[in-house]
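Student: I would like to learn how to read salt bridges and helix geometry from a model. Can we work through one together?

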Amino acid sequence: MPAFFHSATSTKTQIAVPPALALPLIEDRFPRQLHPHWPDLQAATRTWLLEKELMPPEKVARYADGLRYTDLMAGYYLGAPVDVLQAIADYSAWFFVWDDRHDRDVVHRRSAAWTRLRDQLHVALDAPWHHLSHPDALVAAFADSMVRLYSFLGERWNARFAGHFHEVIEAYDVEFRNRMTGRVPRVAEYLELRRLTFAHWIWLDLLEPTARYEIPQHIREHPAYQRAGLSCQDFAAWYNDLCSLPKEIAGDEHHNLGISLIRHEGMTLEDAVTEVRRRVGDCVTDFIEAEKEVNVLVRELRDGTWRGEPLADAVELSVSNMRNWISSVYWFHHESGRYQVDSWADRSTPPYVNDQPAACAPRPERSKRVKRAKRKGGSR
């Protein structure tokens, strides 16, 4: 049975959510919506994963659609031009694959491989056009994503996005070192780190090419706009922690709000789940209050001038999509095979990951494989 109907308007969800993870406030007041390009998004990203060799073909065929990565983005960035949404969806799929590579490098204690990848991503972020043919498929695909994302707005937005993602890369490095030494961060430290590893600012930055408008700094730093943005992103990060707690305990992960509460606050697993759930619910109510304040700001900006009207439109669309992020994240966690740990043969090894070390040598047959993939799946 499908999780939702193909529609650009509200959708009737048909998935049964486990009681411990159910949030009636979201189900009642945050109807899920999907971008009209949603049906084509999944097929195009599947082809991109094959072309960029981010996952082995057999894993793409078996798992890519069931992971629902493109559904997550199609439920967030409503109003985006098709090329913008496709670039975001491909980048999001890349991000999940990168997260899995990071985890596998920890599990297999591949410190040198991780350090090399970290440094290569920093370099590719600043000059992606020089790395489109990088021998590591993950770096080449990242460069492709950055070239596309950098084409939509201007240099200021590009520099801001790059600065935010440099911070994400470094936060992943902190996680790598913590896991290699068995260190579980305390709650306050973890919450600060989580805003970087979940890439809060990246997903908020991408609201602007969605709206075809670079929102000025004084609006982005407005207390109501920031509160709304952080509330929806904190909700997403902490709800992810709640849903992925069994997966991460099985995988000996050290970075989860529940794990920090158990280790440093002396909570039982049951108490930690209750506390994370409470914090997640608070994020939703905080967003509702902040949303009201942002809507007041939108009315103030809507002054009938050639500057005020497009800015008001961009802010209005952005806060609407922050709302969509909450519902999209909520349902994604119950639709995606990424969190169905009870169905895996080995609870510590997700079946969709490539557990082999990355190839570091040039791959001379790459162009032939890409051509074959295009013939089978079509080009975008």
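This is a predicted model: local features need pLDDT of at least 70, side-chain atom pairs count only at pLDDT 80 or more; totals for chains, interfaces and linings use all residues.

Student: Which residue does Asp282 meet in a salt bridge?

Tutor: Side chains of opposite charge can pair when their charged atoms come close. Here the partner of Asp282 is Arg278, with 2.8 Å from N to O. Arg278 is also partly exposed, at 43% relative accessibility.

Student: How many salt bridges does a search of the whole structure find?

Tutor: The search finds 32. One of them pairs Arg338 with Asp99, and their closest N and O atoms are 3.1 Å apart.

Student: Which parts does the pair of Arg338 and Asp99 tie together?

Tutor: Arg338 sits in the loop between α16 (308–335) and α17 (366–377), while Asp99 is in helix α5 (residues 82–107), so the pair ties together parts 239 residues apart in sequence.

Student: Is Arg338 buried or exposed?

Tutor: Arg338 counts as buried, at 3% relative accessibility.

Student: Which residue forms a salt bridge with Glu316?

Tutor: Arg302 does, and the closest N and O atoms of the two are 3.2 Å apart. This pair links distant parts of the chain, since Glu316 is in helix α16 and Arg302 is in the loop between α15 and α16, 14 residues apart. Glu316 is partly exposed, with a relative accessible area of 40%. Arg302 is partly exposed as well, with 31%.

Student: Now for helix geometry. What span should helix α8 have, at 1.5 Å a residue?

Tutor: The expected span is 1.5 Å times one less than the number of residues. Helix α8 has 27 residues, 155–181, and should therefore span 39 Å. The C-alpha atoms at its ends are 39 Å apart, which agrees.

Student: What residue follows α8?

Tutor: Gly182 follows α8, and its phi is positive, near 75 degrees.

Notes: Residues are numbered from 1 along each chain as its sequence is written. Side-chain values use heavy atoms; hydrogens and water are left out. A salt bridge is a side-chain nitrogen of Lys or Arg within 4 Å of a carboxyl oxygen of Asp or Glu. Helices (H or I, at least four residues) and strands (E, at least two) are DSSP runs, numbered from the N terminus. Buried means under 20% relative accessible area, exposed over 50%, partly exposed in between (1.4 Å probe, protein chains only).
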